[in-house]
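Below are some comments on the structure you sent.

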Amino acid sequence: MRARAVAPGKCVFAKFGGPSMARVVRRLAWLVAGCLGLALCIFLGGLAMSFKHAWSLSRIAAQERDLLTRSERATVHACMQDQHPAVRAQAFQLLWSTGSCSEGDVPALARGVLDADEKVGSAAIQGLLHLSIAADRAVPQLLEVLARPQDPPHWIAGLALGAIGRGEADPVPALLAAARDRQAPAHAAAISALTYFGRTAEGAVPILIAALGTEERDEVAAAAAAALANWDVDPAEVLEPLRALCRRTEGQTRAGVVGALAHFAPGDPEVLRVLAADLAAFDADRSCNDLATALELGPAAGPLVPLLLHRVGDPTTDGKGSSWSSPFSWTQATIPGLWEGLLALARDPAQPAHTAAVRELGKIAPANAEVLDFLTQATGDPDVAVRRGALGALRDLGDEAAPTTPTLLARIGTDADGVAVALAVEALGAIGPAEPGRLPAIVTAICGIDPTTLDASPGPAGVTGAPRIPGGNSSDDLVRRSRLLALAALAPGDPRALALARRELGCNRDPIQSAAIILLAEAGAAATDQTPALALRTALWYPWSPGLAVDAIGRIDRRDLTGMEALLGHLRGDRASARRRAAEALGTYGPAAARAAADLIAALDHESPGVAAAAATALGEIGPRARSAIPRLARLLDAGVPQVAAAAMRALGHIGVADATCLGALASAIRDSPEEVRAAAGASLVLLGADAADVGRELAQTARPWSPSVVRWGWIVRVAAGERSPAALPHLVAALERGRSWEERSAAATALADLATPADVVVPALKRAVRNLVHGYAWQYQSFYRRVIARCADEPMWVGENPLRLRSRFRISTPRDETLPWESAFAALRRVSPTDFAALAAGFDLPSPGYAEEDRETMMRALACAGPAARAALPRLRLYARKSIPPSNSSLRLWARWAVAQIDAAEPGLGPELVGLATACRPAAARAAAVAILGEMALAPAGALATVLAASDDSDPWVRLAAVRALAAAPAGDPQAIAVLNRAVDQDLAAVRHAARTSRARLGVR
């Protein structure tokens, strides 16, 4: 029985347990262990890959470059898929920070926008922001980001949408819907983003006005107020809501609302009340903005003068010791009684703001006898801070402080404070030689300074206004740098100045070496023996010296080619940055660099896009003598990097040999390439003799309908070729007012400037464009065209200029081919209806991060054309007419003085002085400006034509360029002018060649 009973149990155990179950358990254990091991291997492998990606990105980021190589680009794209968010974020950031973003990166950037990690999404959006209109395919992803709840990248997504504009996916309806819905996650971001669409966002103004009174969040209402300040809105619609919002807000929010209210009603009592309360309380969180707003009010801020004077010299909370009075350096400061009160403060040593008032006098006070006498006495004050302040004020007064030259020379020889000596030297450089006979003594005094004998203590930071040397601020460094820059402005060709520059060129401090290079560049042909040393400086790792050295080589007489061997050595070297700069510098030699053509052709195969593009550009500068490069340049169309392909297409046009290979490559590029390449190909085809109208139609057919190339490379090409077609007008006006992006509006404004008829249609459209100052992030693009248009607003800017050449001069990292919309509109108004410009004079002082000195130069030229009608701008122009400008920007003062003379009939004329400046040993920028102004004056002053003819042989290429353009105003048929222009057609700089052809056409020469 028992056996019989047990047997079934054994059978059951055998069936369901025993050895079989053990094997199953063991197998399951092995399986689990295997899975865990596999997971661990995957984890460790992913971790190792992340470490590898992070190491690769760190190596790429540590190198000096402006574009990624092909292999580096592949690495960055692989890192975008890494499992670690920090690696992905670094990959996206590296792509746009090196200027390597292109249309081909848009899909990857669009995927990154939707990344779960905030930092990754923000970095990807930054890339789209830099691509601007080319990133239109990512608009749906950006709108999806705006729809997400609690997402910090909302605001930057709105900025990106504003920069992209309206493409196939129009973001405006979604933004309007979010702006209406106060519960929408992106409500605040949408209100801010609508600012960047201007009049194209129809229906936005009522939403923004309503937001002033209905928004529960004050910061959102303040954003709406700031947006309305950029629109052409009737003040009656917004004043009461703004006043009510101003009364209920506080802190930084109220400061923004006050700024908007001041925009619509500068003399509004509510504005003055709030500003007075804030300045009296002096809350550090908002008083700086309030002080700036008060100064911008101009004469309307008269009641605030006591409070403004009370706050002069109050320290900020940043620990740097600077003062709230710093806005004096960039605002109008035309408030009645302000400078008189400042002088009274400066005279009273018992006042806490005594020292600050002394320093600020040079920024707003007139250079009358009373002010100059006080500052002259203050230069001998026992208090070193007062001496420094007085010397800095004399520097700010510029050439109006000429009567104090003996005092400044005395300070150089007797003052033991190094910073004071440096400021005195800078003041002498800003003044310039009042009398030619005094110049040798000034140069002797400056060159005779021994910096090692001076006090090395820098003193309180921010008190003196002296330039700061990166990495140190010792008196030795300040004096060495200041005297080089002053000599560059006074007498760069003096043998003593050249000897000093040669000695300091070997300094291992970049700011001092950069100042020495600037002096040599200003010396021109006198510094020819230094081209080998300058060629060696192009390969340095310093921040500024290499680019300045490239520019200097281009400005020194190139008949002596002793520096070319050193450049060829760098071109054949291993370092990509040195090879790129060497190629850029070789391009400045023009046809004389023909012997370097073989090395430049070899550099076209370099994996660095920067090297390849620089080599292509240099070959274009060589001209027809580089015709052997045409087959290799044509093959670069398939390089896969738009920057390289575009440089190659431009080079084909500049070489100027229209063989079958060249024309075939250009025709292929204009049909099926990225917009940048198509644009370059179109310009080259026109240079080679193709019909501009046909090129424009071809570009318009192949480009996307919202692309700026439709306007820029369609209509501008036709206008530049001489076709004044009325059919272009409605298209351009529509693009200006309803353009899908700021780029298209800018292109339309530039085209209207060339068309210039009829004024009754063009002028109102341009005035509306200028009033709607939609800046967005456009200032980040660092367009080289904004520099060029400032020099010659009456020239078609699309052809003949060399972006790499200009980049080396202005140190621009990512040159692009568009101007800002408002700047183009200013230039267009100057062409179309200069007498109608007075209504826009207030725009001259609108603060913007995109305002460079060259932008103000553009407006000065327009104000000068407006004449007496622009009298409202006189106070500000007079400030710039005496402003202390470094040698590289010294032309601004001349343009301001000319504008003042054109507006105010009582102002003495500049004719004789300009003739002297155009030939004297002054900074090249000043000579170029003098020559350009003579051209603006139609060569009317006595001796102007002879001066301009002589300037056409100047050692500096920018002076030669200004002279060739100015000769367009010569008498028709003048044999000397025609002979000079005929010679200029064969000059080394492409821009000079193009300007010579344009000037010949205006003189009726074919």
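1. Trp895 is buried in this predicted model, its relative accessibility being 2%. The cut-off for burial is under 20% relative accessible area, so Trp895 falls on the buried side by its value of 2%.

2. Trp898 has a relative accessible area of 3% and is likewise classed as buried. Both tryptophans belong to helix α48, which covers residues 891–903. Because Trp895 and Trp898 are three residues apart in that helix, about one helical turn separates them.

3. How many aromatic pairs does the structure hold? There is one. Its members are Trp895 and Trp898, with ring centres 5.9 Å apart and ring planes at 75°. Planes over 60 degrees apart count as edge-to-face, so the angle of 75° puts Trp895 and Trp898 in that class.

4. On the surface, Met21, Val24, Val25, Leu28 and Leu31 make up a nonpolar patch. Together these residues have about 450 Å² of accessible area. Leu31 lies in helix α2, which spans residues 18–62. Is Leu31 buried or exposed? With a relative accessible area of 52%, Leu31 is exposed; the class begins over 50%.

5. As to the overall make-up, the protein chain contains 54 helices and zero strands. Of its 1006 residues, 60% are buried. The chain exposes about 37,700 Å², and 57% of this area is supplied by carbon and sulfur atoms.

6. Contacts within the chain deserve a separate remark. Taking contacts between residues at least 6 apart in sequence, 70% join residues that are at least 24 apart.

7. The mean pLDDT of the protein chain is 75, and 72% of the residues score at least 70. Which elements have the lowest and the highest mean pLDDT? The lowest, 28, belongs to helix α44 (residues 803–810), and the highest, 95, to helix α32 (residues 597–603).

How values were computed: Residues are numbered from 1 along each chain as its sequence is written. This is a predicted model: local features need pLDDT of at least 70, side-chain atom pairs count only at pLDDT 80 or more; totals for chains, interfaces and linings use all residues. Side-chain values use heavy atoms; hydrogens and water are left out. Rings of Phe, Tyr and Trp (its six-membered ring) pair if their centres lie within 6.5 Å; planes under 30 degrees apart count as stacked, over 60 as edge-to-face and the rest as tilted. Helices (H or I, at least four residues) and strands (E, at least two) are DSSP runs, numbered from the N terminus. Buried means under 20% relative accessible area, exposed over 50%, partly exposed in between (1.4 Å probe, protein chains only). pLDDT is the predictor's confidence in each residue, from 0 to 100. Contact means heavy atoms within 4.5 Å. Accessible areas come from the Shrake-Rupley method with a 1.4 Å probe; for residues, only the protein chains shown count as cover. Patches are made of residues with over 30% relative accessible area and no salt bridge: like charges are joined within 9 Å, nonpolar side chains (Val, Leu, Ile, Met, Phe, Trp, Tyr) within 5 Å. A salt bridge is a side-chain nitrogen of Lys or Arg within 4 Å of a carboxyl oxygen of Asp or Glu.
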